[in-house]
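Student: I am new to this structure. Could you take me through it in questions and answers?

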Amino acid sequence: MLLSTLRAGAAGVGLIVLTLAPAAMAQPQEREPGQLHISVEGTASAIPDIARVSAGVVAEANSASEAMTEQRARMNRIIATVRDSGVDERDIQTAGISLSPIYHRNPERSSPRINGYRASNRVNITVRDLKKVGAALDALVAAGANDIGNISFAFSEQEQLLTEARTNAVAALEARRDFYARTAGLKIGRLLSLSESGGMRPPRPMEYAMRAEAMDSAPTPVSPGESEVSVGLSAVYEIKE
């Protein structure tokens, strides 16, 4: 807005003239192309062929040295048993060693006193023959293990399963894209972005999983079930006008 002031006469009468500048014309904005966002999942399943067993020793004694000596002797027997069963050295890994006091709390005393010590040692073992997992667990206990942790299963050829899951995910992505193009009358343009996520799902029971016969001499039954590898794909496509 332009403001100008004109003064006339001795009386100093002022005349104020306001001149408005024309407003700037709105510039047309380029329209953003539409986008189609799609998320799908592809899966592939198989029976695992590798088991990972976590086993440990917990020993308690009056002194810290006695507790450590006890757990060390028992863990040495466990490791020797594992090696004698044919497990490769690369498949035996120490998972943790700890030593902590055992406190005794007396209601008549303001502070607890140490009543002994607890030492623990844990090892992770990879068993590459699932038929031997049950017998391996029994051998670990016989050798002195008194803390058996989780058993997990894996694939020796997991990358092959992931490739299969990716192939299925791409097929599902293309099918979903074509479905929306056909039913909604969309003209799908180029692929703008593509991201992947995925992982291994917990095994589910299978009717033909390994089972030991119900007899005293049979090893502990272990059932690997079937595990599933999944790959998720999220894609963004351009929608043409």
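**Cores, helices and a pocket**

Student: Which residues touch the most other members of the largest nonpolar core?

Tutor: A nonpolar core is a set of buried Ala, Val, Leu, Ile, Met, Phe, Trp, Tyr and Cys residues joined through side-chain atoms within 4.5 Å. Buried means under 20% relative accessible area, exposed over 50%, and partly exposed in between, with a 1.4 Å probe and protein chains only. The largest core here has 21 residues, and those touching the most other members are Ile-78, Val-82, Ile-125, Val-133 and Leu-140.

Student: Which elements give two or more residues to this core?

Tutor: Helices (H or I, at least four residues) and strands (E, at least two) are DSSP runs, numbered from the N terminus. The elements asked for are β4 (50-61), α1 (64-84), β6 (113-127) and α2 (133-143).

Student: Where does the model come from, and how are residues numbered?

Tutor: Residues are numbered from 1 along each chain as its sequence is written. This is a predicted model, where local features need pLDDT of at least 70, side-chain atom pairs count only at pLDDT 80 or more, and totals for chains, interfaces and linings use all residues; side-chain values use heavy atoms, leaving out hydrogens and water.

Student: How many helices and strands does the chain have?

Tutor: From the N terminus on, the elements run β-β-β-β-α-β-β-α-β-α-β-β. That order holds 3 helices and 9 strands.

Student: Which residues is Val-133 in contact with, leaving aside neighbours within four places in sequence?

Tutor: Contact means heavy atoms within 4.5 Å. Val-133 is one of the buried residues of α2. Its contacts are Ala-51, Val-53, Val-127 and Val-222.

Student: What separates the C-alpha atoms of Val-222 and Val-133?

Tutor: Val-222 lies in the loop between β8 (187-204) and β9 (226-240). It counts as buried because its relative accessibility is 12%. The two residues are 89 apart along the chain, yet their C-alpha atoms are separated by 6.8 Å.

Student: Which elements do the buried residues of α2 pack against?

Tutor: The buried residues in α2 are Val-133, Gly-134, Leu-137, Leu-140 and Ala-143. They pack against β4, α1, β6 and β7 (147-154).

Student: Is Gln-71 buried or exposed?

Tutor: Gln-71 lies in helix α1. Leaving aside neighbours within four places in sequence, Gln-71 is in contact with Val-57, Ala-59, Ala-119 and Asn-121. Its relative accessible area is 3%, so Gln-71 is buried.

Student: Which residues does Gly-116 touch, not counting those up to four places away in sequence?

Tutor: Gly-116 is found in strand β6. With a relative accessible area of 1%, Gly-116 is buried. The residues it touches are Ala-61, Asn-62, Pro-101 and Ile-102.

Student: Which residues are closest to the centre of the largest pocket?

Tutor: On a 1 Å grid over the protein atoms alone, a pocket is an open set of points where a 1.4 Å probe fits, with protein on both sides within 12 Å along at least five of seven lines; lining residues have an atom within 4 Å of a point. The largest pocket has a volume of about 280 Å³, the space filled by probe spheres set on grid points joined across faces, edges and corners. Of its 17 lining residues, the closest to the centre are Ser-85, Gly-86, Val-87, Val-127 and Lys-132.
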